[in-house]
Amino acid sequence: TNKKLTAMKEFNASMVVLPAKTSVIREIEVGLNMNPGETWSIALYSEVDTLDDVKFYATHPEHVAAGKLIADVKENRACVDYEI
C-alpha cells in the first residue's frame, strides 16, 4: 500500500543517517523489497563491533524514533545478530 511504502521510505531516510549520530554503527543499509511474492517488505543490515553496541544502538533515541515510523504498518519482525 502507499501508506506502507511511504513509511518504509521514511524509515530508510531516518536510518541511513544514524552512523553520523551514533558512534557505534560501522555500516547501515536498508533494503526495500521489490518482489511482491516474498514475505518480508524491508531489510535492515547494520554492522557494530559488539553485542553491547547492538543494545546501545537499539535503544538510541534516533533508532527508537525511526522504529515508530513503521510501527503502524509493521506486521511482523525477524532479527538475527551474528559475529563474523
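Predicted model: local features only at pLDDT ≥ 70, side-chain atom pairs only at ≥ 80, totals over all residues.
On the H3 side, the contact is made by Tyr57, Ala58 and Thr59, and on the H4 side by Pro61, His63 and Val64. Of the residues in this contact, four are nonpolar, two are polar and none is charged.

Now consider H4 by itself. His63, Ala66 and Ile70 are buried in this helix. These residues cover an arc of only 60° around the axis, so they lie on the same side of H4. An α-helix has 3.6 residues a turn, so residues three or four places apart point the same way. Pro61 and Lys68, on the other side of H4, are exposed. The buried residues of H4 are covered by elements including H1, helix H2 (18-21) and H3.

Ala66 and Ile70 belong to the largest nonpolar core, which has twelve residues in all. Among the others are Phe11, Met15, Leu18, Val24, Ile28 and Tyr57. Helix H1 (2-15), strand S1 (27-32) and helix H4 (61-70) are the elements that give two or more residues to this core. H1 gives the most, with three residues.

Val24 is one of the core residues. Leaving aside neighbours within four places in sequence, Val24 is in contact with Glu47, Val48, Asp49, Asp53, Phe56 and Tyr57. Tyr57 is itself part of the core and also takes part in the contact of H3 with H4.

How values were computed:
Residues numbered from 1 in each chain as written. Heavy atoms only, no water. Core = buried A, V, L, I, M, F, W, Y, C linked by side-chain atoms within 4.5 Å. Buried < 20%, exposed > 50% of the residue type's maximum accessible area, 1.4 Å probe, protein only. Helix = DSSP H or I, 4+ residues; strand = E, 2+ residues; numbered from the N terminus. Contact = heavy atoms within 4.5 Å. Nonpolar A, V, L, I, M, F, W, Y, C, P; charged D, E, K, R; others polar. Arc of directions from axis to C-beta.
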